[in-house]
Amino acid sequence: MTDASDLMRMYLVDPDQPFPPVEFADPSGLVAFGGDLSPERLLVAYAAGIFPWYNPGEVIHWYCPDPRSILVPTNLRVTRSHRRSVANADYGVTMDRAFAEVMSKCAEPRGKEAGTWIGSDMLAAYLRLHHLGHAHSVEVWRDGDLVGGLYGVACGRSFAGESMFSRARDTSKVALYWLCAQLAAWDFALIDCQVTSRHLTSLGAIDVPRADYLHLHTQAAARPGLPGPWQFDIPVPNSPNHLPT
């Protein structure tokens, strides 16, 4: 178990200071505090299976939880209603067409929540990763409006899903369906869902021990990646009537 003195040693000061071994994480998966959201730091973190997760205004928290929630792209669970939504021709689907807008919509309040953990520093940091070809989005459009989507970070042939949103029924599920289809075609081994939830479990995500996740992720991340911007090379609904002009 990590004590207070261990946590002090886990504080990242030097920009080049390496992350502590993930075995030093506390029960919540917290590996380290501090550091920055530079592209270099983020890429090192994702390669090691570590991700930032904290509220705006807080010092950066870095996590590698145990167990880890993952989704194998070919194992996406598609219900009858989900399949009807995917088959609906009343939308268009794109990749890396509106990354900043997808992130901004993911950051908006949901229901009675005041907001999400995606602050302005996170928005700026992941937009930089996107411009460098590492962070990617899937967009679902209807009549020129962005009604659903998701974004995440690719590391080799491993994809870390960060967040998704819906502004119409099942549109985040539609985005996930087409992401899984394309990642399967590109032979991606897994989507890192990070922390389990009932919603993710209903879609086919499973919890695995951290050591098992790291083994799968390390192998997948070592394979040649696909720098962005990404585009679908499988048939997807992209009626020009529903895409933005």
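Select strand 2 (30-34) and strand 4 (residues 61-63): the two pair in the antiparallel sense over three bridges. Two strands count as a pair if DSSP finds at least two bridges between them. Strands (E, at least two residues) and helices (H or I, at least four) are DSSP runs, numbered from the N terminus. Now pick Leu30, which stands opposite Tyr63 in strand 4.

Before moving on, note that this is a predicted model: local features need pLDDT of at least 70, side-chain atom pairs count only at pLDDT 80 or more, and totals for chains, interfaces and linings use all residues. Residues are numbered from 1 along each chain as its sequence is written, and side-chain values use heavy atoms, with hydrogens and water left out.

The four strands form an open sheet in the order 1-2-4-3, with mixed pairing. Which strands stand at the edges? They are strand 1 (11-12) and strand 3 (51-52); each has a single partner strand, so one side of each lacks a neighbour in the sheet.

**Ser38**

Next, select Ser38. Ser38 sits in the loop between strand 2 and helix 2 (39-47). A polar atom of the Ser38 side chain lies 3.1 Å from the backbone nitrogen of Arg41. Ser38 and Pro15 are 23 residues apart in sequence, and their C-alpha atoms are 8.8 Å apart in space.

Go to strand 6 (residues 92-95). In a regular strand the side chains alternate between the two faces of the sheet. Here both faces are covered: Gly92 and Thr94 on one side, and Val93 and Met95 on the other, are all buried. Buried means under 20% relative accessible area, exposed over 50%, and partly exposed in between (1.4 Å probe, protein chains only).

Strand 6 runs antiparallel to strand 7 (residues 135-142), joined by four bridges. Val93 has Val140 of strand 7 as its bridge partner.

Stay in strand 7 and pick Ser137. Is Ser137 buried or exposed? Ser137 counts as buried because its relative accessibility is 1%. A polar contact of 2.5 Å joins its side chain to that of Glu139. (A polar contact is a pair of N or O atoms within 3.5 Å; within protein, one must be able to donate a hydrogen and the other to accept it, and residues adjacent in sequence count only if both atoms are side-chain atoms.) Beyond its neighbours within four places in sequence, Ser137 is in contact with residues including Thr94, Phe99 and Tyr151. Contact means heavy atoms within 4.5 Å.

**Helix 6**

Select residues 171-185, which are helix 6. The expected span is 1.5 Å times one less than the number of residues. Buried residues here include Trp178, Leu179 and Cys180. After the helix comes Asp187, with a positive phi near 65°.

**The cysteines**

Show the cysteine sulfurs. How many disulfides are there? A search of the whole structure finds zero. A disulfide is a pair of cysteine sulfur atoms within 2.5 Å. The sulfur of Cys193 is 8.2 Å from its closest cysteine sulfur, in Cys180, too far for a bond. The sulfur of Cys106 is 14 Å from its closest, in Cys193, also too far. Cys106 is buried at 0% relative accessible area, and Cys193 is buried at 14%.

**Zoom out**

Finish with the whole chain. Its secondary structure comes to eight helices and 11 strands. Of its 245 residues, 51% count as buried.
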